[in-house]
Amino acid sequence: MDFLQSALLGFQVALTPLNLFFCFMGVLTGTLVGVLPGLGPVAAMSLLLPTTFHVTPVSAVIMLAGIYYGAMYGGSTTSILVNIPGEAASVVTCLDGYKMARQGKAGPALGISAFGSFIAGTLSIVGLMFIAPPLASMALKFGPPEYFSLMIMGLTVLTFLASGPMWKALLMASFGLFLGCMGMDNMTASYRFTFDILELSDGIGLVPVVMGLFGISEVMLNVEQSMGRTVFQTKIQNLLPNRKEWAASAGPILRGTVLGFFLGVLPGGGAVISSFVSYAIEKRISKHPEKFGTGAIEGVAGPESANNAATGGAFIPLLSLGIPANAVMALLLGAFIIHGVQPGPMLMKEHPQLFWGTVASMYVGNVMLLVLNLPLIGLWVKILKVPYPILFPLILLFCLIGCYSLNNSVTEVLIMIVFGLIGYGFKKFQYEAAPLVLALVLGPMMENSLRQALLMSAGSPMIFFERPISAVLMGTALFLLLFPLIPKFQKKRPAFGE
Amino acid sequence: MNNDQLSGAVWLVIGLAVCLGSLQYKLGSPAAPGTGFMPLLTGLAICFFSAVGLIHATLRRRQGEKWTSPLQGVRWRHALVILISLLAYALLLVPLGFFLTTTLFIAFLLRAITPQRWSVVVLCSLLTATVSYLLFEVWLQAQLPKGPWGI
């Protein structure tokens, strides 16, 4: 099937009324959770995962993907109007976006972030369409050693880019790998670390862990603080940026797109990191860096484009290699598997309507978001005015119902609560949970490929360094691990996050 | 002792526990790794990185980094109330059924953290329970537990 035919097939799938409906529900929910601080795409997707059991895999994936890129649109609104990031990838938008709003330029700030997001989102889907198929055919040559090395590299990239000391991120990744080992050993069909709990025999569930670490713990931390927040009272007008603002933003949008896309493709990269890098680059190459932080439109356009481009890029490793690049993609992988579809090199051949339908729906979704978002800003502002003391019981209830209805199991709810407490401890002692989640998902895959590779080599670990692709991947991982030890670079490791 | 020294020590204990736990299972050989092989590797990794962290934190301690209470300056009792109410929800859900448990849960949280007016409490809790029941049980057929009252 040639490219045009495939794209046509995709649009045929994406434009059926049912899939349009799911796409719409996805982007709307995504924007909503993006707008609401303390509820990110990861929590929202795990919440809605059980609701997709009754629909076809295509519709399920279309909706879940919509939540992800929809959240990237929504997050900027809160950053600009309230100076609180709606979700992590919009942290950096607060810096200049909120300042613009204070200067009466909330309209152009919201406008440029929506247009930038649209342009970047659309271009990154084009990139996805062109890169994923050749990568998938290349991945057919991958054996267990290559897969193992690739996953090691992904985890290393994530720990390298995590905020705080690298040993903490590596600890989280190691612990995540251990959690991934719980349950049945696939190769010998024997159980381990199940503590006689029936729910653990299939391994520890991703949804309870993620909801606990990201949903429950976030609420626990928020209620400790004073819960007042003020939506900046301003008339939002002139959403369409003027010519001067477009001229200033064009470069940042394009650079943000390219940067976000490639950081998104990299396992362990993603929307949060790319928004920070984009801001740093724009500031560095700007003719007036002193204006950054005081309301420079470049500081909104670049990062907002980068985080949306990263969402398109992040689909590439999942759809072509079967490896999730971040926690959101890990959930999506879970959704694929629940529906009996194994993402990976064979996905495009075995389920072309699923692959191309999802990709085409992302074009449709981006158009919906652009059309929806600007007129709906008034509505989002109203939602932001709902006081947190009324909102947080609802967030908790959604987590409880979402977790329970997954398997109708109270034990899983208890697991979620335990991970809520663990996540609270992580935040208090400044550990980042993202490497843990990625490792938890990759764990079983890594174990399988490690054991298969060692069987192939009769126990010699050199197999990871003797095969060229694997050697390059392992070399990169080792370089990143040892990089902070080189005295000259000790302070240069980029630290992202809060 | 500073914060990282404490958390590093806790991780070291966890790492050792994982290693000991893994030894209960068949380790196999490098050429044919068994069930306990990967957990042992992760346990060793946890031990190694926590040791690195402990050394790092001790060096920082010598430079004067002290213990700062993670609970200082925040209303941690609020977080504790959340935790207890979540546990209560999980334990009462099956015996009391979804509707009543949810109503009580929402009403309690609305009163306990930042006390709302009773009218708001009653209205919000009943409305939330009804809407979520219709949404999840009736529309999405989530099969939530039913109490003695059938809802």
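Tutor: A definition comes first: helices (H or I, at least four residues) and strands (E, at least two) are DSSP runs, numbered from the N terminus. The expected span of a helix is 1.5 Å times one less than its number of residues. This is a predicted model, in which local features need pLDDT of at least 70, side-chain atom pairs count only at pLDDT 80 or more, and totals for chains, interfaces and linings use all residues. Residues are numbered from 1 along each chain as its sequence is written, while chains are lettered from A and ligands numbered from 1 in the order in which they are written.

Student: What span does helix α4 of chain B reach?
Tutor: Helix α4 of chain B (residues 98–112) has 15 residues and reaches 21 Å from its first C-alpha to its last, close to the 21 Å expected at 1.5 Å a residue.

Student: Which residues of α4(B) are buried?
Tutor: A residue is buried if 20 or more other C-beta atoms lie within 10 Å of its own, exposed if 12 or fewer, and partly exposed in between, with C-beta atoms placed from the backbone. The buried residues of α4(B) include B:F98, B:F99, B:F105, B:I106, B:L109 and B:L110.

Student: What do they pack against?
Tutor: The partners are α16 of chain A and, from chain B, α3 (76–96) and α5 (118–139). Contact here requires two C-beta atoms, placed from the backbone, within 7 Å.

Student: How many residues take part where the chains meet?
Tutor: 49 residues of chain A are in contact with 54 residues of chain B. On the chain A side, α8 (166–181), α9 (206–224), α16 (388–407), α17 (410–428) and α18 (434–456) each supply at least two residues. By class, that side has 34 nonpolar, eight polar and seven charged residues. In this scheme Ala, Val, Leu, Ile, Met, Phe, Trp, Tyr, Cys and Pro count as nonpolar, Asp, Glu, Lys and Arg as charged, and the others, Gly among them, as polar.

Student: And which residues have the most contacts inside the largest nonpolar core?
Tutor: A nonpolar core is a set of buried Ala, Val, Leu, Ile, Met, Phe, Trp, Tyr and Cys residues joined through C-beta atoms within 7 Å. The largest has 211 residues, and those with the most contacts inside it are A:V61, A:V210, A:L331, A:L332, A:V437 and A:L438. Domain 1 (3–62) and domain 2 (76–139) of chain B both give residues to this core, so the core lies between them. These bounds come from an automatic or database domain assignment.

Student: What does A:V210 touch?
Tutor: Leaving aside residues up to four places away in sequence, A:V210 touches A:V42, A:S46, A:A327, A:L331 and A:V437.

Student: Lastly, where is confidence lowest and highest among the helices of chain A?
Tutor: In chain A, confidence is lowest in helix α3 (residues 41–48), at a mean of 78, and highest in α17(A), at 95. The score is pLDDT, the predictor's confidence in each residue, from 0 to 100. Chain A averages a pLDDT of 86, and 94% of the residues score at least 70.
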